[in-house]
Every structure is written in C-alpha cells, then in structure tokens.
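Have a look at the fold, then follow the topics below.

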Amino acid sequence: MERGHDVIALARRPEQVEAPAYGNLRTVRADVTDPGSVTDAVKDADVVVSGLGITKKQDPAILIEGARQIVSAAPRVIWLTSLGMGATQGALGAFNGALLKRILRHEWDAKGASGRAVREAGGTTVHAGPLTNKPYQDDGSLIRAEGFRPRMMPPMAPRAGIAALMVAEAEAPRFADTDTIALFESR
C-alpha cells in the first residue's frame, strides 16, 4: 500500500478484519468453500500474495482447493507455507522433521499438494520457520530450497519480514516455479 499498490485483502469475514485505513486497500469477502468467490475477488489482480491457512478443526482440503482456485484466477501467486513440509521436507533434520510431521499431521499432505499446485502454475512458494512478532530489520532474503542446508533448529521469521519478502517477489519475480526458503540474518 505504501508502495502505491492497490491491495485487496480477502477474508471469509471481512467485518472482523482490523485493517489500517488506506485509500488503496479494500477488504472483500472470499471463501474457498464458496465456489467462485475467490475467482471474483482476484479476477483483476496481477499477483496474489497468499497466507491461506487452516485451523485444526478445518478440513485440510481447504488448502488444496484454495491453491487451485487462486492459481486458476491469478496470473501469478506467491504462497506462504511451512518450512519442513512439502518440497522442504527434511530441511529440519530427521528428529525435528518427524516431530513437525506429528504436530502438523492434520494438514501435512495438503500443504505439500497446495505448494505443488502453486509451483506448477508458475508461482513461488515461500517456506518459513516459526513466525514471530519481532520487528523486521530489513535483513531477510529468499533462497532456493535446494540451496538450504538442513538445520536442527528452524530459522525464526518475523511476520513483517515474510510480508516484505513476498511483496518484493511479487514486484520483481526472481523465483517463478520455485520453492524458496525465507531466511533472516539476525534471527
């Protein structure tokens, strides 16, 4: 928004979204379980930056269906997902990888399938470690997943930093058809 982009925030319940008042930001109702609502909401978008997620009570198929709807409606997609899942399975070592799979077993396969759908449509997946509310210090970068060396401890990721990296990728695509990992120097 501050960079001059027109931003459409999609939400199942837009009335519950607390968003700053900017002239170039609007919140619209869209829900992947409501056929056509996502397509209608993003039909004029150049890029969709997605942080779609689910709760433990929701059907993991929402992730797959959401990815399919978004990639069919938008010319380019930047998709946030978890480090250690999908194309980055093994990035956290055997022990932490097994622990992550146990904790996130509810959505494990769906995260992999949704990431593949985005990548196969020419999009970029951004795999991130645990998200924090720490301030972003302009010290982040995306690297190709295959260039990441497995670690015992996942790299922490400030939410503002993830947003900045995803917007930068939307503005100047460097990783089309690619799985990336978000890294931050001071974390």
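Helices (H or I, at least four residues) and strands (E, at least two) are DSSP runs, numbered from the N terminus.

This is a predicted model, in which local features need pLDDT of at least 70 and side-chain atom pairs count only at pLDDT 80 or more, while totals for chains, interfaces and linings use all residues. Residues are numbered from 1 along each chain as its sequence is written, and side-chain values use heavy atoms, with hydrogens and water left out.

- Among the buried residues of H4 are Trp108, Lys111, Gly115 and Val118.
- H4 has 13 residues and reaches 19 Å from its first C-alpha to its last, close to the expected 18 Å; the expected span is 1.5 Å times one less than the number of residues.
- After H4 comes Gly122, with a positive phi near 95 degrees.
- Helix H5 (residues 159-171) also has 13 residues, and its end C-alpha atoms are 18 Å apart, in agreement with the 18 Å that it should span.
- In H5, the buried residues are Gly161, Ile162, Leu165, Met166, Glu169 and Ala170.

**Nonpolar cores**

- A nonpolar core is a set of buried Ala, Val, Leu, Ile, Met, Phe, Trp, Tyr and Cys residues joined through side-chain atoms within 4.5 Å.
- The largest one holds 23 residues, of which Val42, Val48, Ile70, Val77, Trp79 and Val118 touch the most other members.
- Two or more residues of this core come from each of helix H1 (37-42), helix H2 (61-73), strand S4 (77-82) and helix H4 (108-120).
- H2 is the biggest contributor to this core, giving seven residues.
- Apart from this core lies another, of 13 residues, including Leu142, Ala157, Met166 and Ala170.
- Beyond its neighbours within four places in sequence, Ile70 is in contact (heavy atoms within 4.5 Å) with Val38, Val48, Ser50, Val77 and Trp79.

- Strand S5 (residues 124-128) has five of its five residues buried, so the rest of the structure largely encloses it.
- Thr124, Val126 and Ala128 point one way from S5, whereas Thr125 and His127 point the other way.
- S4 and S5 pair in the parallel sense over five bridges; strands count as paired if DSSP finds at least two bridges between them.
- S5 also pairs in the parallel sense with strand S9 (residues 178-184), over four bridges.
- His127 is the bridge partner of Thr81, and Ile181 in S9 is the bridge partner of His127.
- Ser82 lies in strand S4 and is buried at 17% relative accessibility.
- Not counting residues up to four places away in sequence, Ser82 touches Thr88, Lys111, His127 and Ala128.

**The aromatic pair**

- How many aromatic pairs does a search of the whole structure find? The search finds one, where rings of Phe, Tyr and Trp (its six-membered ring) pair if their centres lie within 6.5 Å, and planes under 30 degrees apart count as stacked, over 60 as edge-to-face and the rest as tilted.
- Tyr136 and Phe184 form this edge-to-face pair, at 5.8 Å centre to centre and 90 degrees between the planes.
- Tyr136 sits in the loop between strand S6 (131-132) and strand S7 (140-144), and Phe184 in strand S9, 48 residues apart.
- Tyr136 is partly exposed at 22% relative accessibility, whereas Phe184 is buried at 6%.

Definitions and conventions
Buried < 20%, exposed > 50% of the residue type's maximum accessible area, 1.4 Å probe, protein only.
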